[in-house]
Amino acid sequence: MMAAMSDDVAARIDELRREIRYHAYRYYVLDDPVISDAEYDALVHELERLEAAHPELVTPDSPTQRVGAPPSDQFRPVRHRRPLFSLDDISTFEELRAWEERITRILGRVPDAYACEPKIDGLAVVLTYEHGVFTLGATRGDGTVGEDITANLRTIKAIPLRLLTDEPPRLLEVRAEVYMPLAAFEELNRRQEEAGERLFVNPRNAAAGSVRQKDPTVTATRDLNIWCYQVGILEGGPELPTHSEAMEYIKRLGLRVNPENRVVDDLDGVKAYLTEAEKRRHERDYQTDGVVVKVDSLADQATLGFTARAPRWAVAYKFPPEEATTRLLDIKVNVGRTGAVTPYAVLEPVFVGGANISSATLHNEDEIRRKDLRIGDVVVVRRAGDVIPEVVAPVPSARTGEERIWHMPTTCPFCGSPIVRPDGEKVARCTGGYSCPSRLREWLFYFASRAGMDIDGMGYKTIDLLIREGLIRDPADIFFLRPEQLLGYEGWGEVSVGNLMRAIEAAKDRPVAQLLTALGIRHVGDSVARLLTRRYRSIDSLRAAPEEELAAIDGIGPVIARSIREWFDDPENQALLDKLAEAGVRLEDPVGETDVPADLLDGVTVVITGTLEGFTREEAEEAVVERGGRATGSVSKRTTALVVGENPGASKVRKAEELGIPMIDEGTFVRLLDEGPSVLPG
């Protein structure tokens, strides 16, 4: 019995080793992984556990007995002066506490301080400076031998070719991470698509592929950057007692050190940093997959030393994975409020980005063709924070030949009407109008949403009930609902019905621009609606406006004008407007309400952070736009002022301070809306 169990363990260990070697080769050598980092880590952790329990089965060639994978043979091999080790991974505060307990036992005390740094998802490199001159750049490789990529790294402007000092150290070796900023990644893939070339799956692969080009001129066309995170060797330089002081030293020499690095006193400080780093991971212009925590004292680091594969004095706290691989089971379609037919992926459920994902958007038919997605494919799925899950790419090497190419259906699965794709458009559309139950449902939801008439309590669940019971067939029917029609349905008592009735009554008096947005006229969003109501204060005057007059409005143009005219000329839409008027919905703004100086904030760009007492975020931004200004979500050199409310975002405040952008409180913001940019400081 024991022998059989031992044989099973040995077989599993052999299987894991084969899998890990294969995936390490695809990741480190080909830069073409077929599984996510989290899945690869899970294989390694399982092998480590089995070998720890059965040391007699450990062999010298096991993946656990060396640091990394062999280098590619594209470049000259470089033997590192000192090995580059991997880091042990943790993912919970409990594991963090256990790590501290282990190092405390060795040191005989708790470390004095910890250095915390974002873990960059890029390509690890080693930079060597001799007498202040950049002489060698190499990939990490297997930790012992890497690849000479000096010529390529010289093209990265953030890497100084000579250190900024008259007294350089005799020898300086710095470990760093090359990465591609997110905006540069999107631009690179746009260029790749235009050229008909293969798209990169993520910024890490893009950075690795760019650095390892045989032709450095290709690398020079890629917008790469670098963060330096460790001094590996320092000869002929100052005595530096801590890691953080070493980082400050190389920063003074002109090397790029992440400003997000922090030194904290204890584990509570580490936990606070981890929590904030995970919360803000999507505010940065680069990908991070965790935080590296190090003992700050270099003397303590020397005492703690290394295991066979990792330093004892550092650990990598990994965030929940945002990419995973799974099976694309099917492709189906939804019909939206404009009739747009949008395909979506039906996935084998997978946990990614902190949630179980079983479906993901596929955007349109062209996108499916561009990515070459097929039903039955193994696919890479991404979910970053609150972003809608998306299928990033297939894994062609996993194909069996049984995968099926998908085609857009010719008839709507909800109403049976033909699906057509107008010439020159990317989006196919259902021709069934609002007789299509899917289109009607989406239209009603949008009409009642915050972007529309803002009817609190009128979500999908309520709309589905009202449609199912035949109580509403168009948006105007919402305003004719009576309490007795809802009372008695599950979940609908006097309180909930009363709340909904009050929300419906309040929505009758929304500004005309809000109603125009809610109606779902093609090409008419909130900004176009506000442009229209500045010119036409009532629905009736807009209804009578000729197409040429509409097209002449600055910001409208012929395409939008034609869409507006077609909508108002449709007899069904005319009947809907008459019905809304009968229900008591406001179709005209009072005199003076739209008489806001249209150019008061011309050229002004405002960013709002924190909570304002007198405005919601949407109302504040709308007030800026109504006066001809711009309201954006991030601080840049083009920002005119940052409006700071209660509990502001630290990153926006810090960015404004760095760029010298004026910061104003809510009182000054109100004056800005009334008096214009003359109230701003400076």
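## A friendly tour of a predicted chain

Asp372 is found in the loop between helix H11 and strand S15 (374–375). The structure is a predicted model, in which local features need pLDDT of at least 70 and side-chain atom pairs count only at pLDDT 80 or more, while totals for chains, interfaces and linings use all residues. Residues are numbered from 1 along each chain as its sequence is written, and side-chain values use heavy atoms, with hydrogens and water left out. Helices (H or I, at least four residues) and strands (E, at least two) are DSSP runs, numbered from the N terminus.

Asp372 has a positive phi of about 55°, although it is not a glycine. Most residues other than glycine have a negative phi. The relative accessible area of Asp372 is 30%, so it is partly exposed; the scale used here calls a residue buried under 20% relative accessible area, exposed over 50% and partly exposed in between (1.4 Å probe, protein chains only).

His363 is not a glycine either, and its phi is positive, at about 70°. With 39% relative accessibility, His363 counts as partly exposed.

### The chain as a whole

Stepping back, the chain has 24 helices and 24 strands. Its C-alpha atoms fill a box of roughly 85 × 70 × 55 Å, taken along the principal axes. Of its 682 residues, 48% count as buried. The accessible surface comes to about 33100 Å², and 50% of that belongs to carbon and sulfur atoms; the areas come from the Shrake-Rupley method with a 1.4 Å probe, and for residues only the protein chains shown count as cover.

Contacts across the sequence are worth a look too, a contact being heavy atoms within 4.5 Å. Among contacts between residues at least 6 apart in sequence, 67% join residues at least 24 apart.

As for charge, the chain carries 85 positive and 113 negative charges, whose mean positions are 4 Å apart. Lys and Arg count as positive and Asp and Glu as negative, with His and the chain ends not counted. Each charge is placed at NZ of Lys, CZ of Arg, CG of Asp or CD of Glu.

### Around H6

Helix H6 (residues 203–211) is mostly covered, with 9 of its 9 residues buried. Among them are Pro203, Arg204, Asn205 and Val211. Arg198 lies in the loop between helix H5 (182–194) and H6. With a relative accessible area of 58%, Arg198 is exposed.

A disulfide is a pair of cysteine sulfur atoms within 2.5 Å, and the structure holds 0 disulfides. Cys116 is in none: the nearest cysteine sulfur, that of Cys228, is 19 Å away. Seen from Cys228, the closest cysteine sulfur is in Cys116, too far for a bond. Cys116 is buried at 0% relative accessibility, and Cys228 is buried with a relative accessible area of 2%.

### Aromatic pairs

The structure holds 12 aromatic pairs. Rings of Phe, Tyr and Trp (its six-membered ring) pair if their centres lie within 6.5 Å; planes under 30 degrees apart count as stacked, over 60 as edge-to-face and the rest as tilted. Two of the pairs are set out here.

| Pair | Centre distance | Plane angle | Type |
|---|---|---|---|
| Trp99 and Tyr114 | 5.8 Å | 45° | tilted |
| Trp567 and Phe568 | 5.1 Å | 80° | edge-to-face |

Trp99 lies in helix H3 (residues 93–107) and Tyr114 in strand S3 (residues 114–120), so this pair ties together parts that are 15 residues apart in sequence. Trp99 is buried at 3% relative accessibility, and Tyr114 is buried with a relative accessible area of 0%. In the other pair, Trp567 is buried with a relative accessible area of 10%, and Phe568 counts as buried at 1%. Elsewhere, ring pairs link Phe85, Phe306 and Trp313 into a cluster.

### Leu580 and its neighbours

Our last stop is Leu580, in helix H21 (residues 571–583). Leu580 counts as buried, at 0% relative accessibility. Leaving aside residues up to four places away in sequence, Leu580 touches Ala476, Phe479, Leu515, Leu519 and Val585. The C-alpha atoms of Leu580 and Glu425, 155 residues apart along the chain, are separated by 32 Å.
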